[in-house]
Amino acid sequence: MKQLVILSGKGGTGKTTVAAAFAHLAAEGPAYRCEVPPIRAVLADADVDAANLDLVLAPTELEAHDFTGGAIAIIDPDLCDSCGICTEVCRFDAIPEPAFPDPAIVDPVACDGCAACVYQCPPQAIHMEQQMAGQWFRSDTSYGPLFHAALRPGQENSGRLVTMVRQQARLLALDDSYELIIIDGPPGIGCPVISAATGTDLALLVTEPTVAGAHDLARMLQTTEHFGIPALVCINKADLHPEGVTTIESFCRQRGVDVVGHIPFDTDVTRAMVEGLPVTRWQDNAVARELCRVWARVVSVLEEDKMHNSASTP
Ligand code: SF4
Ligand code: SF4
């Protein structure tokens with residue numbers, strides 16, 4: 001079983017468009033001159049801060065599970081005597097000075113969960129409570145099972161939630177002998193990206209032919225190289241800035257990284273999203289055909305890797 005992660009340096013680069021198209025092509029097999037046979041794939045949306053793969057894949061939710069994050073301080077108003085000690089103790093300004101006789105109140109967004117106030121409160125009016133930070137879901141789609149999640153606004157621990165989504169996808173893939181996990185990764189290079197990418201067999205880095213796109217790509221490549229993940233590059237909206245494409249291609253050549261796709265700009269991508277369909281299913285256009293070529297190349301690299309692995313396996 002292989003794991004493919006699709007990453008981009010920032011949101012809105014086309015990562016989810018690519019992930020949804022791959023989900024469709026894996027499920028459907030040959031389409032739009034794509035000769036790749038169907039591949040049984042589990043889908044994972046690891047962009048838990050702004051999950052949107054479910055908007056395109058129209059899932060039916062099968063299971064929902066709570067995800068607990070860090071603990072925050074809770075003050076019992078019946079025990080609090082408004083002494084204000086906790087306000088002085090809190091280095092995160094999470095407890096405004098109480099006005100006697102009103103009890104102190106914790107700002108749940110500012111609270112860092114350090115528990116310093118708990119130990120300093122004379123009447124022991126403060127205790128720590130785990131917070132529900134979000135939920136993760138197992139759903140069914142026309143293209144295969146989908147694991148996705150939603151982190152509550154202001155909650156941290158998105159890296160842990162990404163790990164949870166990936167673990168669940170992997171367990172199902174192993175139990176039911178799926179061939180591939182397609183992971184729609186979070187944008188950027190932070191902790192959730194590392195959680196989404198570590199241990200994968202291949203990263204497809206989606207970028208745009210802009211100065212910011214080239215800069216983000218360099219940072220993404222640093223991350224994948226650091227974790228020893230082979231990477232391919234796909235340039236989205238490639239026809240909008242040919243000079244930018246040349247810059248990225250030259251940069252990738254120097255780094256020994258293959259550019260496997262040049263997806264043109266097309267408003268059909270937005271129309272397909274509005275209709276809740278992968279663009280490859282929407283209609284046979286230039287974007288769909290290029291995505292088929294990219295998919296074929298990605299599968300071929302994953303299969304080469306499989307051959308190398310089986311050749312080196314005793
Ligand atoms: S330290 Fe305890 S008693 Fe004093 S204001 Fe804070 S919660 Fe209330
Ligand atoms: S747990 Fe720490 S951060 Fe939260 S209110 Fe208490 S002292 Fe402040």
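How far apart should the ends of helix α5 be at 1.5 Å a residue, and what is the distance between its end C-alpha atoms? The 18 residues of helix α5 (residues 158-175) should span 26 Å, and the end C-alpha atoms are 26 Å apart, which agrees. The expected span is 1.5 Å times one less than the number of residues.

The structure is a predicted model, in which local features need pLDDT of at least 70 and side-chain atom pairs count only at pLDDT 80 or more, whereas totals for chains, interfaces and linings use all residues. Residues are numbered from 1 along each chain as its sequence is written, while chains are lettered from A and ligands numbered from 1 in the order in which they are written.

The chain has 11 helices and 9 strands; helices (H or I, at least four residues) and strands (E, at least two) are DSSP runs, numbered from the N terminus. The C-alpha trace spans about 75 × 50 × 45 Å along its principal axes. Of the 314 residues, 42% count as buried. A residue is buried if 20 or more other C-beta atoms, placed from the backbone, lie within 10 Å of its own, exposed if 12 or fewer, and partly exposed in between. Among contacts (C-beta atoms, placed from the backbone, within 7 Å) between residues at least 6 apart in sequence, 74% join residues at least 24 apart.

Helix α5 has a number of buried residues, among them Leu161, Val162, Met164, Val165 and Ala169. The elements that cover the buried residues of α5 include β2 (41-45), β5 (144-151), β6 (180-187) and α6 (191-197). After α5 comes serine 177, which has a positive phi near 55°.

Valine 165 and Ile182 have the most contacts inside the largest nonpolar core, which has 75 residues. Such a core is a set of buried Ala, Val, Leu, Ile, Met, Phe, Trp, Tyr and Cys residues joined through C-beta atoms within 7 Å. Beyond four places in sequence, valine 165 contacts Ala44, Ala46, Val48, Trp136, Phe147, His148 and Ala149. A second, separate core of 12 residues includes Ile95, Cys111, Cys117 and Cys121.

In strand β2, 5 of 5 residues are buried. Ala41, Leu43 and Asp45 lie on one side and Val42 and Ala44 on the other. In a regular strand the side chains alternate between the two faces of the sheet. Strands pair if DSSP finds at least two bridges between them. β2 runs parallel to β6, joined by 5 bridges, with leucine 43 opposite isoleucine 182. The pairing of β2 with β5 is also parallel, over 2 bridges, and places alanine 44 opposite phenylalanine 147.

Histidine 65, in strand β3, is exposed, with 12 other C-beta atoms within 10 Å. Histidine 65 touches Gln135 and Trp136, residues up to four places away in sequence not being counted. Histidine 65 and glutamine 135 are 70 residues apart in sequence but 5.4 Å apart in space, C-alpha to C-alpha.

Around ligand 1 there are 15 residues, of which Cys80, Cys83, Cys86, Ala104 and Cys121 come nearest; a residue is near a molecule if its C-beta atom, placed from the backbone, lies within 6 Å of it. The shell around ligand 1 has 12 nonpolar, 2 polar and 1 charged residues. Ala, Val, Leu, Ile, Met, Phe, Trp, Tyr, Cys and Pro count as nonpolar, Asp, Glu, Lys and Arg as charged, and the others, Gly among them, as polar. Ligand 2 is surrounded by 14 residues, the closest being Ala73, Cys90, Cys111, Cys114 and Cys117.

Key. Contact = placed C-beta atoms within 7 Å.
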